[in-house]
Each structure stands twice: as C-alpha cells, then as structure tokens.
Amino acid sequence: MHLLAVLTYILGWSWAIFIEEFTERPYMTLGILAWCLLVPLGLTSNRWAQKLGSRWKTLHQLVYLIGILACAHFVWLVRSDFGEALIYSVVLALLLASRFFKLPALLPILKR
C-alpha cells in the first residue's frame with residue numbers, strides 16, 4: 001500500500017519523476033530493497049511453501065534484514081521529529097535482541 005501510495009500520489013506514475021526522486025533521495029533505495037525482499041516472503045507464506053523445509057526457513061530469516069532496512073528507511077526519511085522512527089527502531093532492536101541473544105527478561109514483555 002505504501003509503494004502504491006507513493007507511486008500514485010507523489011510520483012503520479014511518472015517514471016521520469018521516479019528516476020529523478022530515486023537519485024535525489026537515497027532512502028528510497030532502502031525502501032525499495034526492503035519491498036523487493038518482502039515479495040518472496042509473501043509468495044512463500046503458505047503451508048504449501050513450507051514444504052521447502054530448511055530453504056523456507058532460511059528464506060524467511062530475511063525478515064530480520066528487512067526490518068533493519070525498513071527502520072533505516074524510516075529514520076533516513078524523517079527530517080525533524082525522530083520520535084516515531086526511534087520508537088519503531090527501539091522495538092525492532094528489542095525484538096532482535098530477544099531473538100538472537102535469548103534474553104529471558106524480555107520475552108514475557110514482548111509476548112503480551
């Protein structure tokens with residue numbers, strides 16, 4: 001929805017404007033990269049695709065990188081009030097920390 005809104009309301013589906021904006025606003029690269037990485041996750045988020053086994057799990061571990069890219073995109077996009085971007089980034093950092101470092105103190109808080 002975000003991509004469609006940008007293409008429709010900001011760029012007016014003009015590829016010339018898209019190229020101009022893309023070169024002037026490098027945060028768009030992070031957003032587009034995160035979106036491109038989300039596409040295969042969306043296509044394989046079903047029971048049939050889970051039959052891929054360990055390859056499915058490896059593919060879906062991209063969600064960690066995608067979260068980082070999305071937060072970086074948002075932080076880079078914001079020009080003045082970093083409050084909301086900071087909140088999302090802190091929540092992601094807590095979730096990643098609880099996942100990778102097995103922080104038992106965070107798990108009950110995050111599971112609510």
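1. Leu4 has 44% relative accessibility, so Leu4 counts as partly exposed. Please keep in mind while reading that this is a predicted model.

2. Let us stay with Leu4 for a moment. Leu4 is a residue of helix H1. Together with Met1, Trp13 and Trp15, Leu4 makes a nonpolar surface patch of about 540 Å².

3. Trp13, another member of that patch, deserves a look of its own. Trp13 sits in the loop between H1 and helix H2 (15-24). Its relative accessibility is 44%, so Trp13 counts as partly exposed. Most residues other than glycine have a negative phi. Trp13 is not a glycine, yet its phi is positive, at about 60 degrees.

4. Next come the charged side chains. The structure holds one salt bridge. The partners are Glu21 and Arg25, whose side chains meet at 2.3 Å, N to O.

5. Since Phe74 lies in helix H5 and Tyr88 in helix H6, the pair ties together parts that are 14 residues apart in sequence. Phe74 is partly exposed, with a relative accessible area of 23%, and Tyr88 counts as partly exposed at 46% relative accessibility. Elsewhere, ring pairs link Trp15, Phe18 and Phe22 into a cluster. Trp15 also belongs to the nonpolar patch described above.

6. Helix H5 itself covers residues 62-77, which makes 16 residues. From the first C-alpha to the last, H5 reaches 22 Å, close to the 22 Å expected at 1.5 Å a residue. Which residues of H5 are buried? They are Ile66, Gly67, Leu69, Cys71 and His73. As for their surroundings, the buried residues of H5 pack against helix H1 (2-10), helix H3 (27-43) and H6.

7. Helix H6, one of those packing partners, runs over residues 83-100. Its 18 residues should span 26 Å at 1.5 Å a residue, and the end C-alpha atoms are 25 Å apart, which agrees. On the inside, Ala85, Leu92, Leu96, Ala97 and Ser98 are the buried residues of H6. In any α-helix there are 3.6 residues a turn, so residues three or four places apart point the same way.

8. Leu86, located in H6, has 53% relative accessibility, so Leu86 counts as exposed. Leu86 and Leu41 are 45 residues apart along the chain, with 26 Å between their C-alpha atoms. Leu95 also lies in H6 and counts as partly exposed, at 41% relative accessibility. What separates Leu95 from Tyr64 in sequence and in space? The two are 31 residues apart in sequence, and their C-alpha atoms are 9.6 Å apart.

9. Now for the end of this helix. Phe100 is found in H6, and its relative accessible area of 51% makes Phe100 exposed. Between Phe100 and Gln50 there are 50 residues in sequence and 22 Å in space, C-alpha to C-alpha. Just after H6, Lys102 takes a positive phi of about 50 degrees.

10. A last stop is His60. His60 belongs to helix H4 (residues 54-60). At 15% relative accessibility, His60 counts as buried. Which residues does His60 contact, leaving aside its neighbours within four places in sequence? Those residues are Leu41, Thr44 and Ser45. Leu41 is also the residue whose C-alpha is separated by 26 Å from that of Leu86.

Note on methods
Residues numbered from 1 in each chain as written. Predicted model: local features only at pLDDT ≥ 70, side-chain atom pairs only at ≥ 80, totals over all residues. Heavy atoms only, no water. Helix = DSSP H or I, 4+ residues; strand = E, 2+ residues; numbered from the N terminus. Expected span 1.5 Å × (residues − 1). Buried < 20%, exposed > 50% of the residue type's maximum accessible area, 1.4 Å probe, protein only. Contact = heavy atoms within 4.5 Å. Patch = residues over 30% accessible without salt bridge, like charges linked within 9 Å, V, L, I, M, F, W, Y side chains within 5 Å. Areas by Shrake-Rupley, 256 points an atom, 1.4 Å probe, with all protein chains shown as cover. Salt bridge = Lys/Arg side-chain N within 4 Å of Asp/Glu carboxyl O. Phe/Tyr/Trp six-rings, centres within 6.5 Å; stacked < 30°, edge-to-face > 60°.
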